[in-house]
Amino acid sequence: MGISQSIRTAVIGAGPRGASVLERLLANWVPSGPDAVLHIDVIDPYPAGPGHVWQPGQSRLYLMNTQSFYPTVIPEDPGLARPLAGHTFDRWRELQQDQPHPSLSAEECAEISGLGSADFPSRALYGRYLRSTLEELLSRLPSGATVTFHGTTATSVRHAAAPGAGADEGRVGFDVGLADGTVLTVDSVVLALGHLESRLNPEQRELQAAAEEFGLLYLPPAAPADVDWSLVPAVKPVLVRGMGLNFFDAMGQLTEGRGGRFLPGRDGRLGYLPSGREPLIIAASRRGTPYRAKATLTGYYPDAVTLRYCTESAVAKFAEAGIRPAFDHDLWPLLHRDALWAYYSTLARSQPGAILTDPKEFLKALEEALHPHAHSTAKWEDLVDSVLDVHLRPSHRLDLLGLAAPFAGRSFHSRAELDAAVVDYLLDDARRSALGEEDPVKMTIGALHHGRAVLKTAVADGGITDESWVAGLRGWFESFVEGLASGPPALRAEQLAALVTAGIVRFVGPDPKFGVDRKARTFRAVSPWVGNNPDEGGGEVVNAVAMIEALAPANKVTVNESPLLEQLLAEGLVRPRLMMTVEGAPVPTSGLDVAPHPYRPLGANGSVTEGLYVLGLQLSAVQWGTAIAAEARQKSGPEYRSGQRTLRDADEIARAILGR
C-alpha cells in the first residue's frame with residue numbers, strides 16, 4: 001500500500017516512548033506530493049517529552065540510575081532514517097555547558113555547569129532534555145506534517161464507524177475518546193502508555209483500610225514525584241517497605257529534603273547533620289539490605305570484563321539450530337561461567353595473594369574447567385570446584401547467589417546488631433565501588449551487567465520457553481540481577497550508612513512480615529531473624545505510625561487502573577498474554593499479547609488488531625527490561641543490539657503507519 005494523501009495517527013502517551021514514535025514518524029515522512037498530509041495527535045495529560053515520570057519541575061534530589069553518557073531519545077543507528085533534530089543527553093549537556101539555552105532556569109544551569117559525563121543527573125534535568133529535544137524537533141517539521149497536543153487522558157479506542165479523513169477505501173481506522181469529551185477519528189493508534197497506576201493487592205488494601213480506621217498514614221506504591229512527602233510526620237517511626245531505587249528517593253526527601261546535610265567526617269566517612277524534622281526511618285526488604293551500589297567506571301560496562309561464553313553469537317546458535325532454549329538449562333550456565341571468570345580473573349590480578357599457586361597456572365586450569373566441553377565428563381561446576389580446592393584460599397571463594405542476599409541464614413540478637421551489620425555491608429560495598437575495575441565483586445556484577453544486555457535480545461519474542469520465562473527469568477533471575485546491577489550511585493550507600501550512624505535510619509531485618517497492631521493502633525513489622533521473641537514469630541517487633549511503600553506501581557496490564565486499558569480489555573481489542581508453567585497451567589503475564597513486528601496487540605479472539613500498535617512497558621511479556629532508557633553509543637566498549645531496541649521498535653511502528 002502506498003502512502004495515503006492524508007494520514008492521521010494518534011500517539012497515546014507523550015513520555016520518552018511516545019516522543020520516540022513522534023520523532024520517527026517525522027524522520028520517516030516523505031510526502032508523496034504537494035498535497036500529502038501527515039497529522040499526528042499526541043495525547044497525554046502531562047507535558048510532551050518528559051511525560052509523567054521525567055517532569056522538569058520535580059525535586060533535583062531524584063537522581064537518574066544511569067550516568068550522563070548513557071541515555072538518549074534520538075537514535076544513532078545508521079540503518080534508520082536520519083533524525084531531523086536532537087542529540088544524545090550527553091551531547092545536549094555539553095552544548096548547554098558551552099552556550100546555555102535562554103529558557104533554562106537558574107537551577108538547571110547550575111546543575112549542568114557541574115555535571116560531568118560520568119555523573120548521575122537529576123531526573124528533572126533529563127526531563128528538560130526531553131522537552132528541549134521535542135521543541136527543537138517541532139521547530140523543524142517537514143512539509144505536510146502537523147502535530148496537535150491534547151493535554152488530557154485518552155479513555156477509549158474503538159474501531160471507527162466511518163473511515164478516517166482521507167483514508168483509503170475499506171480502511172476503517174479508530175475513534176479515540178478523550179476525557180474532555182473530544183473524539184478523534186484516526187487511521188492508526190500507538191499505545192505508548194508508560195507507567196500506570198495499579199490496583200493494590202489484598203495485603204495493601206488491608207493496610208490502607210487499617211490506616212483509615214486508626215488515623216495512620218499509608219502511602220501506597222507511586223512515582224516518588226507524585227508523593228506528598230510533607231504528610232510524613234517528623235521524629236516519629238515510619239516503616240518504609242522496599243530498599244530498591246524508590247527507597248533512596250524516599251530517603252532523600254525525608255532527610256536532605258527536610259534541611260539535613262551530609263558532611264565529610266574526620267575519619268573519611270560521610271557524616272549527617274540532622275535538621276530535627278526527619279522521621280525515624282525503619283527500612284525493610286526481603287533481603288534485609290538495599291541494592292548494591294554501582295561501581296565507579298568510565299563507561300556503562302567495565303572495560304576489564306569481556307564476555308567469553310554468554311555472547312550474542314553464542315546465544316544465536318540456539319535459534320540457528322532450531323532450538324528454543326530454556327533459561328536455567330541453556331542460558332544461565334553461559335552467564336554463570338562469565339561471572340565466575342570475571343571474579344577470579346580480577347582476583348588473580350588485583351589480589352594475587354589469594355591464590356595458593358601461580359596465578360597464571362590457576363587461570364589456565366580455571367579456563368579449562370569452564371570450557372563448555374566439560375559437560376562430556378562431569379558437571380562443569382564440579383570441575384570448577386576441584387580447581388578452586390587446589391588453587392584458592394577458602395576465604396576468597398565466591399558465593400555468587402549470596403551476593404544478592406548477604407544476610408541469608410544469619411540471625412541477629414537485636415536490631416542494634418542488625419543495624420551495625422548493615423552499616424558494615426554499606427561501607428564495604430561503597431569501598432568496592434570506589435575500587436571499580438580492581439574489585440572482584442564489582443567485576444562479577446559487571447559481567448552480569450554485560451550479560452543482561454545479551455539476554456534481552458536472546459529472550460525477546462519467544463526466544464526462550466514459556467516455562468523458563470515464568471520460573472527462571474522472571475521467577476528468580478530478574479530480582480537477583482536487579483539487586484546487583486541496578487543499584488544506586490555509590491554515594492547513596494555512603495549516605496545511608498551516615499544516616500544509620502546518626503540514628504535517623506534503622507532496619508527491620510530479612511524476610512519481614514507486616515501487619516497492624518490493633519491494640520496499639522500502629523503498623524507493625526517483624527523479622528524472624530532479628531531478636532528472640534517466640535511469641536512474635538521469633539523476632540523483635542517494630543511499631544510505626546506511618547508506612548511507605550517504596551515500590552513502583554505494579555506493571556501488570558490486568559491490574560493497571562487505566563480507563564483506556566480496561567476498555568480495550570473489556571471489548572476484546574487487546575488481551576493479556578498467557579504462558580504455560582512447567583505443570584501445564586496457564587498464568588497471565590505482566591504484558592499484552594502481541595504479534596511482532598511491529599508490535600500489534602492480539603484481540604480476545606486471537607486475531608491481530610491491525611492499525612493498533614504497542615510500545616514500551618506493556619510489551620513486558622515479550623521483551624525484558626522494557627523500563628530502561630535507550631542506550632547512546634559509547635566511546636568504547638561493546639555495542640549490544642538491545643541498547644537501542646526501543647528506538648528501532650518506534651521506527652518499525654512509524655514505517656508501518658506511513659506505509660513504508
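Helices α12 and α16 (645-657) each supply at least two residues of the lining of the largest cavity, where helices (H or I, at least four residues) and strands (E, at least two) are DSSP runs numbered from the N terminus. The model is a predicted one, in which local features need pLDDT of at least 70 and side-chain atom pairs count only at pLDDT 80 or more, whereas totals for chains, interfaces and linings use all residues. Residues are numbered from 1 along each chain as its sequence is written, and side-chain values use heavy atoms, with hydrogens and water left out.

A cavity is defined on a 1 Å grid over the protein atoms alone, as a set of points where a 1.4 Å probe fits but cannot get out, and its lining residues have an atom within 4 Å of a point. Grid points are joined across faces, edges and corners, and a volume is the space filled by probe spheres set on the points. By this rule there are six cavities of 30 Å³ or more, and the largest cavity holds about 280 Å³ of space. The lining of this largest cavity comprises 26 residues, of which K456, W624, G625, S642 and R645 are the closest to its centre. Helix α12 provides the largest share of the lining of the largest cavity, with five residues.

Aromatic side chains were examined next. A pair of aromatic rings is described by the distance of the centres and the angle of the planes. Rings of Phe, Tyr and Trp (its six-membered ring) are taken to pair if their centres lie within 6.5 Å, with planes under 30 degrees apart counted as stacked, over 60 as edge-to-face and the rest as tilted. The structure holds 25 aromatic pairs. In one of them, the centres of the F89 and Y129 rings are 5.4 Å apart and the planes stand at 90 degrees, so the pair is edge-to-face. This pair links distant parts of the chain, since F89 lies in helix α2 (residues 89-98) and Y129 in helix α4 (residues 123-138), 40 residues apart. Both F89 and Y129 are buried, where buried means under 20% relative accessible area, exposed over 50%, and partly exposed in between (1.4 Å probe, protein chains only).

A tilted pair is formed by F327 and F477, at 5.0 Å centre to centre and with 50 degrees between the planes. Because F327 lies in helix α8 (residues 327-350) and F477 in helix α13 (residues 466-485), the pair ties together parts that are 150 residues apart in sequence. R241 lies over the face of F514, at 4.5 Å from the ring centre, and the charged end of R337 sits over the ring of W380, 4.4 Å from its centre.

A nonpolar core is a set of buried Ala, Val, Leu, Ile, Met, Phe, Trp, Tyr and Cys residues joined through side-chain atoms within 4.5 Å. The largest such core has 56 residues, and L331, Y344, F477 and F480 have the most contacts inside it. Two or more residues of this core come from each of α7 (312-320), α8, α9 (359-370), α10 (380-391), α12 (440-459) and α13, with α8 giving the most, 12 residues. Y344 touches F362, L363, L366, L388, L392, H396, R397 and L398, not counting residues up to four places away in sequence, contact meaning heavy atoms within 4.5 Å. A second, separate core of 42 residues includes A283, L496, I504 and F507.

Backbone geometry was considered last. Most residues other than glycine have a negative phi, and most peptide bonds are trans. The peptide bond from P596 to H597 is cis, with omega near -20 degrees, and a cis peptide bond also joins H597 and P598, with omega about 0 degrees. H597 lies in the loop between β20 (594-595) and β21 (600-601), and P598 is found in the loop between β20 and β21. D461, although not a glycine, has a positive phi of about 55 degrees; D461 lies in the loop between α12 and α13 and is partly exposed, with a relative accessible area of 31%.

Definitions and conventions: Lys NZ or Arg CZ within 6 Å of the ring centre and 35° of its normal. 1 Å grid on protein atoms, 1.4 Å probe; cavity = no way out; pocket = protein on both sides within 12 Å on 5 of 7 lines; lining within 4 Å.
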